[in-house]
Amino acid sequence: MVFNKWYLTVGVAILTIALHFWRSDNLITSSLTAPSLLRSSPTQPSTWQSVKIGGGGYITGIYPHPTAKDLVYIRTDNGGFYRWQTDLQQWLPISNDLPRGDWDYDHNSGGEAIALDPQNPDLIYIAVGKYTDTAGTIFKSSDRGATWQRSDLAVGMGGDEDKRWAGDRLAVSPFNSQLLLFGSRRDGLWRSLDGGNTWTQVTQLAVKPENHVGVLNVAFDPKQENLVYASVYRDGVYQSRDSGATWEKLKNSPRKAMQLKVAKDGVVYVTSSDAPQVSKYIDDRWFDISPKGFISEVFNALSLHPQDPQTLLVSEGEKGRAKIFYSDNGGNSWQKKKHRLNQNITWLAKEFFNDHPSAIAFNPQNPQQVWLTDWFSVWQTEDIQAATVEWQNQVAGIEQTVLFSLLTPPEGATLLSGIADQDGFYHHDLNAPPSTRFGFQRQGYSLSNLNLTGDRYLDNYFQDTFHLAYCPSDPQNLVRLGGQRWRNNYLGVTSGDGGKSWQPWKNIPQDTLFMRTAIAANNCDLYVVTTSENQPLVTQDGGQTWQKVTGLPNGKPGPWNWNQPLAADGVNGDRFYYYQDGKVYRSSDGGQSFQEVVSNLPQSERYVLTTTPAVEGEIWLSLAENGLYHSVDGGISFSQIQSINSAYLVTVGKPINKKYTAAVYVYGEHDNRSGLFFTSDGGNNWQKVNNLAEIPRSTKVLTASKQYPGLVFAGTDGRGIYYQQIDIAQLSHSDKNQPCLTYK
């Protein structure tokens with residue numbers, strides 16, 4: 001018996017060693033040699049990190065607490081809410097983990113309003129919802145945003161809609177922490193008497209909202225307990241003397257009030273988008289206190305000095321290069337503030353300072369210090385009274401960009417990003433903001449047909465980059481699609497150095513919004529381009545001449561469309577694939593014509609079609625709730641991956657297992673579990689990378705590195721780019737349900 005146990009023990013040991021070497025032989029191990037690529041710790045579990053860009057989105061409000069030192073919050077139009085961390089000098093996102101239930105989390109990043117309790121610095125309320133066609137709600141936190149409790153309110157909110165840069169819709173009474181008021185866009189005024197847990201509509205203020213703006217401001221008087229003011233956009237300013245139960249419209253009040261605040265002496269100040277642009281209300285009369293001799297259509301941002309009620313700041317609004325004005329006598333006279341910038345985000349053009357500003361705020365504990373938020377950044381000055389005010393970026397921790405495209409070429413840049421409103425970036429160091437945007441060089445090209453006139457800092461940049469692609473036979477050769485949406489000018493550019501420099505196509509098809517592109521496997525000058533609501537185009541000479549593709553339906557509308565219908569074969573340079581409305585089309589003549597090869601796939605509103613590099617005929621197709629499909633015969637037939645219940649995004653990365661040509665990543669559900677999953681063995685077994693809550697449900701783009709096995713990127717609709725490095729050494733092929741996430 002002892003003899004048998006000894007043999008059994010030795011046998012198990014030998015088998016364990018053999019299995020270890022089998023795993024080592026079949027797993028591709030790779031150390032990410034770039035020292036700045038990933039932060040790691042021997043004991044830290046692998047988590048999602050943000051690719052550092054540095055702001056880049058609309059900061060729509062800033063809220064210093066009136067009594068707690070250095071307690072400051074911001075809201076954004078589609079990137080959620082943040083709290084300032086003074087010790088780290090950076091912002092902490094506080095709304096990533098809102099309670100679930102039946103709440104529509106596709107819209108949880110829309111910041112409609114914030115309210116702070118003057119009597120309790122631990123209490124904060126946020127009104128959350130991106131668009132008014134979906135019900136938003138109000139959340140309450142008793143621990144400064146660490147945990148949240150949802151209220152019973154369900155009304156349309158528009159954190160990413162018109163006038164999101166104006167107003168304070170939510171307020172807590174400075175005399176009674178149980179009393180709150182909320183002004184909605186379409187459903188009037190709401191009132192809570194139990195600390196924001198339940199809400200009732202104030203039917204007496206039955207105003208008709210215009211342009212889905214509605215009740216834009218509510219403000220309690222700090223002197224008189226029951227006195228409250230509210231502004232209804234395009235209607236006027238209202239007053240309540242019974243804590244918001246009943247209301248009366250103030251005569252001759254500004255119709256288009258943008259911001260309304262009440263000073264500590266009870267004087268009401270209003271900025272407006274019609275004349276007068278700045279007003280104050282005192283002794284039942286309105287006074288025009290707009291800066292004299294200065295013409296502006298809109299004033300927006302407004303802040304009142306916390307100790308001196310005669311001192312205030314206002315800023316122009318709804319324009320670039322807005323001017324800031326300072327008054328120390330209640331608006332009787334104004335000083336236009338000069339400025340200089342202390343930039344730490346070098347890609348952000350200096351001309352973008354105070355572009356469409358949303359808020360300006362004195363620090364209640366140190367009024368010399370002032371915060372400012374605008375379309376792209378958060379700024380801070382230590383001395384607002386200086387003759388020339390120095391402003392510094394304070395955007396560390398804020399990653400608020402909207403991603404259209406991500407690209408991970410097999411050589412060169414670790415990552416290339418295509419971004420709404422910010423062009424895009426070449427990312428060498430994932431943990432430091434890029435130094436410049438992509439841009440492009442105009443020299444030697446005739447772009448007169450583009451009408452690229454106007455501010456010089458816009459002429460050589462895209463507002464948006466919609467798509468990026470690399471040439472498989474020469475990965476340094478890239479194509480980028482985008483343009484300037486606000487001018488309706490769209491174009492394509494190419495790069496021969498991996499994205500460090502760009503040159504426009506020499507012939508730009510007129511009036512065409514280019515959406516997606518795919519480059520032939522063996523010819524960098526041959527690529528197909530899809531267009532918005534029109535026929536795709538093909539070029540065989542790198543963009544010098546174009547012809548319409550035949551056999552395909554018109555493309556879906558753009559640009560706010562994240563579907564990926566087009567891909568080139570991984571080996572065969574004559575072959576391209578296209579999916580739309582349940583059908584797969586294939587070209588065998590270099591993209592000139594397509595023929596329908598499959599017509600019985602499910603139709604889906606959200607889909608991604610991609611191919612495997614260096615493998616002929618392999619296609620992966622994600623069809624959202626309809627699952628994941630796989631073809632190995634060039635699209636002639638597809639098999640459904642049965643264990644994948646839903647697949648919203650799919651991408652292919654560098655192989656992890658030497659026996660297989662690629663690792664495949666799916667964002668969706670596997671065996672009824674939500675999250676991001678990958679397979680290193682061609683779809684036979686899947687492992688979970690994360691819980692769905694760890695990255696926003698606003699994830700729109702997924703890509704995996706072609707250089708580093710296990711490195712995956714998720715691009716979001718408002719929260720920037722997340723990345724994670726799977727620790728390949730910890731992978732367990734024997735237990736597909738176990739997470740495999742440990743940094744080394």
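Student: How many cavities of 30 Å³ or more does the structure hold?
Tutor: The structure holds four of them. A cavity is a set of points, on a 1 Å grid over the protein atoms alone, where a 1.4 Å probe fits but cannot get out; lining residues have an atom within 4 Å of a point. Grid points are joined across faces, edges and corners, and a volume is the space filled by probe spheres set on the points.

Student: What are the ground rules here?
Tutor: This is a predicted model, in which local features need pLDDT of at least 70 and side-chain atom pairs count only at pLDDT 80 or more, while totals for chains, interfaces and linings use all residues. Residues are numbered from 1 along each chain as its sequence is written, and side-chain values use heavy atoms, with hydrogens and water left out.

Student: What volume does the second largest cavity have, and which elements give two or more residues to its lining?
Tutor: Its volume is about 100 Å³. The lining includes Arg-516, Lys-556 and Tyr-607. Strand 39 (514-520), strand 40 (523-531) and strand 44 (576-580) each give two or more residues to this lining; strands are DSSP runs of E of at least two residues, numbered from the N terminus.

Student: Now the second largest pocket: how much space lies in it?
Tutor: About 1200 Å³. Of the 41 residues lining this pocket, Pro-64, Pro-66, Pro-118, Lys-261 and Val-262 are the closest to its centre. A pocket is an open set of points with protein on both sides within 12 Å along at least five of seven lines.

Student: Which strand gives the largest share of that lining?
Tutor: Strand 2, with five residues.

Student: Turning to Arg-83, where does it lie?
Tutor: Arg-83 lies in strand 4 (residues 81-85). Arg-83 is buried yet has no salt bridge, and the nearest side chain of opposite charge, Asp-143, is 7.0 Å away. Buried means under 20% relative accessible area, exposed over 50%, partly exposed in between (1.4 Å probe, protein chains only). A salt bridge is a side-chain nitrogen of Lys or Arg within 4 Å of a carboxyl oxygen of Asp or Glu; Lys and Arg count as positive, Asp and Glu as negative, and His and the chain ends are not counted.

Student: Which backbone oxygen does its side chain reach?
Tutor: The side chain of Arg-83 reaches the backbone oxygen of Arg-144 at 2.3 Å.

Student: Is Asp-283 buried or exposed?
Tutor: Asp-283 is exposed, with a relative accessible area of 69%. Asp-283 has a positive phi of about 55° although it is not a glycine.

How values were computed. Helix = DSSP H or I, 4+ residues; strand = E, 2+ residues; numbered from the N terminus. Polar contact = N/O pair within 3.5 Å; in protein donor to acceptor, adjacent residues only side chain to side chain.
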